[in-house]
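Here's a quick briefing to read alongside the model. Take a look at the fold first, then work through the notes below.

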Amino acid sequence: MAETATLESITEHERILQEIESTDTACVGPTLRSVYDDQPNAHKRFMEKLDARIRNHDREIEKMCNFHHQGFVDAITELLKVRADAEKLMGQVTDTNRRLQDAGKEVTVQTEEVIRCRVQQRNIATTVEKLQLCIPVLEMYSKLKEQLDSKRYYAALKTMEHLENIYIPRVSQYRFCQIMAETLPKLREEIKEISMSDLKDFLESIRKHSDKIGETAMKQAQQHRTFNSAVQKQASAGYGKPLYMLNGKGSSQKNGIPSEEGAEEEEEDTDEEVLTAQDLVDFSPVYRCLHIYTVLGDRETFENYYRKQRRKQARLVLQPQSNMHETVEGYRKYFNQIVGFFVVEDHILHATQGLVTRAYTDELWNMALSKIIAVLRTHSSYCNDPDLVLELKNLIVIFADTLQGYGFPVSRLFDLLFEIRDQYNETLLKKWAAVFREIFEQDNYSPIPVENEEEYRTVTSKFPFHDAEIEKQQFPKKLPMSQSVPQIYIQVKEFIYASLKFSESLHRSSTEIDDMLRKSTNLLLTRTLSSCLQNLIKKPHIGLTELVQIIINTTHLEQACKYLEDFITNITNVSPETIHTTRLYGLSTFKDARHAAEGEIYTKLNQKIDEFIQLADYEWTMSESDGRASGYLMDLINFLRSTFQVFTHLPNNNNDHAAMSGKVAQTACMSACKHLSTSLMQMLLDSELKQISMGAIQQFNLDVMQCELFASSEPVPGFQGDTLQLAFIDLRQLLDLFMVWDWSTYLADYGQPTSKYLRVNPSTALALLEKVYRGMKDTSKKNNIFSQFRKNDRDKQKLIETVVKQLRSLVNGMSQHS
């Protein structure tokens, strides 16, 4: 075993030595660590093995050195022999070189002299030649200075061009030419600065004159439009047919023949001096600057600068004053500046080649147009005066026509006018709302009295009223509507005229104008007038008489709507049978107002009934009734009788009016009776009322009997049978049940369709019975403390308790079933 371990240790040491010999010294650490990690004293055996290996390598090195030593010795011996020959050769070369230098010194001196003479000769010839080249350059430069001093900049640029392209290249190697060449760009910059200064003065000039240029251009456009309008009116008059001019455009012919008056006016306009932008502004600086920059090859820079500065000016021009919307002069000045700006640009476009292009002007115009539309949209929204909005519209039309004459597209401006038209209509609606309110406030809500034929014709000339029966009556007589009706009709026509003014010169067809008028009139009727009517009806001071008159007024206004349609048709000459013609919605407006008035009649009647009910002062513990109805109820019935007589004043001179008046009166009467019945029932069932005596029930029954008598007296004709009395059927059956004390019949027939007390609800009967029971108990206690021992009282008490139990079971059964 010891021998085997020794052999393994020797083999392991061999492997470690091979790794040390073949591995980099930086990685020897792990290998050496394995020696110490092995068996004890293994490192000693490894050191012995290592020493043996070192001795073995030393022997091999020594053998290698002995083998090559003789060759090394022979090489050293040969090298020593060659050194002596090399030193001898070096000495011979040095001697030969010295003798050669001594022999060539004289030749070298003579050769250098010859070369110097020839260089001088060549330099003289070159100097003469170069001076001949430089003299023309100096002469041209002197000429350039003279041209600059005399401000002949274009000639100076040409001279510079000759200097740079012809003369200076010939003598460019000389310093004065380099200085001259360096000076020429500076001179060009000076010329550019001078011309640019002139351009800035020009830009400042056109900025100041833009207002005047624009004013002149817009004035000419307005004169042209006025002339065309006059010619068109003459042509229309020549045809002998009334035609409302819509678009401001016309022909200078009359019945196909050129009008002499139009020709004379045109001749007068031709004779007048027509100022142009060129007459107001000197454009020579921009032409000169453009030419100079073109010659300098820097035209693009000039174009960019010009366009940039004009863009800045455009932004300044497009920036309105904060109070522009207050007066028409603010808008006029704003438009004049914009027109002046683009008139100048149009002139530059046609007078120069490419300084501005059509694409550039179109882009600038589109930018300006967006800004203009935004500004006008904002500032016009602040305006509440329709006259100012109308003047603004006229300015926009002239503004658009002016720029359209210069080739700028203006369709978006006319689209804006449609937005402003809506705003104009809104301002008109506000104005007319105030007019309507004033008319309603001043109206006396009574029929119009006419004393004679002249007054009658005056009213019918303002309002289309035709009634054969009234016309047959003798004077004095009364027309059914109040004074506000013809006034409203006149104001609606005035609104149509005002709305029509905005449609002039919008370059729209008669059909479109007709549609605009009808839509704006519809807004006036359905929104403004309807709102005023609704507010009028809701006012607290408007009584039943006034509400009745309002119903009559709305009926006549509704009938007048067809005349308003004919009025619009006569203005626009558009047939009402056209497919796309908008109809007036006044019928629904006045119907809604009439329904609101009727509803307010019902509401006010109910409120008045509530006021009388509040005056009721029942003594709920009375032992017996007074034998007559309560005073508050008789007053209420008298009030209802007098009120329903008012409805006889509703228009009934034709079948429609008769049907309407009957319906309103019947509905109001039925509503009043139902409300009275409900209020009386609520009074009985009031939770704060804890007990009721049979005497109070009898008194209440007398009051209900008066209500039934009122209903059966037919306060309003037209009810069939006892329809009106059915409003009190719930009260009547409930009171009969208590007055007769017929509980056995009620409980036996409950739920049967033929029941005598079909309309009495168990919960209602239970609530009232409990109050009566408490009242009976309280009365008995007051009358006799020993009343509880009386047989009749005990039987009645037991009966009530039994009925109460049965009623509660019915109520519980109903709640469970539901």
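Helix 23 covers residues 694–712, so 19 residues in all, going by the DSSP runs that set helix limits. In this predicted model, helix 23 reaches 26 Å from first C-alpha to last, close to the 27 Å expected at 1.5 Å a residue.

**Helix 23 and its end**
- Just past helix 23, Glu 714 takes a positive phi of about 55°.

**Nonpolar cores**
- Phe 700 turns up again in the largest nonpolar core, which has 180 residues.
- Phe 700 is among the residues with the most contacts inside that core, along with Phe 335, Trp 365, Ile 372, Phe 399, Phe 436 and Leu 680.
- Helix 13 (residues 411–442) gives this core its largest share, 14 residues.
- Leaving aside neighbours within four places in sequence, Phe 436 is in contact with Ile 488, Gln 491, Val 492, Leu 524, Thr 528, Leu 529 and Cys 532.
- Another core lies apart from the largest one; it has 20 residues, including Tyr 141, Leu 144, Leu 157 and Met 160.

**A nonpolar patch on the surface**
- Phe 72, Val 73, Ile 76 and Leu 80 make up a nonpolar surface patch, with about 380 Å² of accessible area together.
- Phe 72 sits in helix 3 (residues 42–149).
- Is Phe 72 buried or exposed? Phe 72 counts as exposed because its relative accessibility is 56%, and the cut-off for exposed is over 50%.

Methods
Residues are numbered from 1 along each chain as its sequence is written. This is a predicted model: local features need pLDDT of at least 70, side-chain atom pairs count only at pLDDT 80 or more; totals for chains, interfaces and linings use all residues. Side-chain values use heavy atoms; hydrogens and water are left out. Helices (H or I, at least four residues) and strands (E, at least two) are DSSP runs, numbered from the N terminus. The expected span of a helix is 1.5 Å times one less than its number of residues. Patches are made of residues with over 30% relative accessible area and no salt bridge: like charges are joined within 9 Å, nonpolar side chains (Val, Leu, Ile, Met, Phe, Trp, Tyr) within 5 Å. Accessible areas come from the Shrake-Rupley method with a 1.4 Å probe; for residues, only the protein chains shown count as cover. A salt bridge is a side-chain nitrogen of Lys or Arg within 4 Å of a carboxyl oxygen of Asp or Glu. Buried means under 20% relative accessible area, exposed over 50%, partly exposed in between (1.4 Å probe, protein chains only). A nonpolar core is a set of buried Ala, Val, Leu, Ile, Met, Phe, Trp, Tyr and Cys residues joined through side-chain atoms within 4.5 Å. Contact means heavy atoms within 4.5 Å.
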